Amino acid sequence: NRSTLQKFGLDDWLIGLPITAAVAIPAISNGWYELGAETQLACCFALFVTSAYKFGGEAVGSYFEARANAILAEQNAVEDANLALAKETLGAHEAILTIKKDIETLGAAHEEALSLLCQVQNAKLRHKTRDTFVKNLEAIYQLEQSYNSELQDAMVASATAAVRKTMSSGKKEVKAEAFKLALDILSEKDVDESKPDPVAAAFGKELRAFAEHLEAQQGTVVKLTEAEQKELEAGLDAFFKKIEVHAADLKAPKEIKVELL
C-alpha cells in the first residue's frame with residue numbers, strides 16, 4: 001500500500017524508477033536486449049546517486065554552505081582588520097603631516113623671531129657703539145679742554161711771575177706809572193688810553209715769549225720719569241672713571257711728543 005511505499009521512500013520517483021527499472025528489465029525477454037551486470041551496476045549507481053541526493057544532499061549542502069560562510073566570515077574579518085590597520089596607518093600619516101606642518105610653522109615663527117631679535121640686537125649694538133663713540137669723543141674733548149685750561153693756567157702763572165719779577169726789579173718810574181694807572185682805574189678816573197699800559201705790555205711780552213717757547217718745542221720728544229708715568233696714569237684713570245669709560249688696559253707712555261692743537 002501507499003503507507004508502506006512512503007515508509008521506505010518508494011513513493012519518490014527518483015527512488016522508485018531505478019528500482020522498477022532494475023526489476024522490470026530482467027523480466028523483459030524480447031530477445032533484442034540482454035540484461036547484464038553492467039545494466040545492474042548502472043541501476044545501482046543511479047540508485048546510490050539519487051539516494052545520496054535525497055538523504056545526504058541537504059547535509060552536504062549545509063556543510064559546504066557553512067564552510068563557505070565561515071571562509072567568507074574569515075575573509076571579512078581579515079578585510080576588516082586590514083581596513084582598520086589601513087585607517088590607523090592613515091591616521092598616523094595624517095598625524096605625521098600635522099606634526100610636520102606644526103614644525104614648519106614653528107620653524108617659520110622661530111626664523112621670524114630670530115630675524116626680529118637680530119634687528120633689535122643690531123639696533124642696540126649701533127646705539128651702544130654710537131654711545132661709546134660719543135663718550136670717547138666727549139672724553140677727548142674734555143681732556144683737551146682740561147689740558148688747554150692747565151696750559152692757560154700755566155701760561156698765566158708763568159707770565160704773572162715774570163711780570164712781578166720784572167716790576168719788582170724794574171725802574172722806579174715804571175713802578176710809579178703802573179701804580180698811578182692802577183689807582184686811576186680803581187678811583188674810576190678818566191684814563192688816557194693812548195698811553196701804553198706798562199703792566200699790560202709786560203704781560204703781553206711774557207705771554208708772547210711763552211707761546212714762542214711752546215712753538216719752539218713743537219715736535220720734540222719728552223721722556224717721562226716713572227713717577228710722571230704713574231701720575232699720568234692715575235689722572236687718566238680718574239678722568240675715565242668720572243666719565244664712565246672703561247679703560248682697564250690704559251698705560252701711560254714712557255715718552256710723549258709735543259704737539260700743539
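Colleague: Why is R130 called exposed?

Modeller: Its relative accessible area comes out at 53%, and exposed means over 50%, buried under 20% and partly exposed in between, with a 1.4 Å probe and protein chains only, so R130 counts as exposed. This is a predicted model, where local features need pLDDT of at least 70 and side-chain atom pairs count only at pLDDT 80 or more, while totals for chains, interfaces and linings use all residues. Residues are numbered from 1 along each chain as its sequence is written, and side-chain values use heavy atoms, leaving out hydrogens and water.

Colleague: What makes R130 and D131 a salt bridge?

Modeller: The N to O distance is 3.7 Å, and the term asks for a side-chain nitrogen of Lys or Arg within 4 Å of a carboxyl oxygen of Asp or Glu, so the pair qualifies. D131 sits at 39%, so it is partly exposed.

Colleague: How do you know that K230 and E226 form a salt bridge?

Modeller: Their closest N and O atoms are 3.7 Å apart. Both residues lie in helix α6, four residues apart, about one turn of the helix. K230 is exposed at 54%, and E226 is exposed at 58%.

Colleague: What makes Y63 and F64 edge-to-face?

Modeller: Their ring centres are 5.3 Å apart with 70° between the planes. Rings of Phe, Tyr and Trp (its six-membered ring) pair if their centres lie within 6.5 Å; planes under 30 degrees apart count as stacked, over 60 as edge-to-face and the rest as tilted. So 70° makes this pair edge-to-face.

Technical notes:
Helix = DSSP H or I, 4+ residues; strand = E, 2+ residues; numbered from the N terminus.
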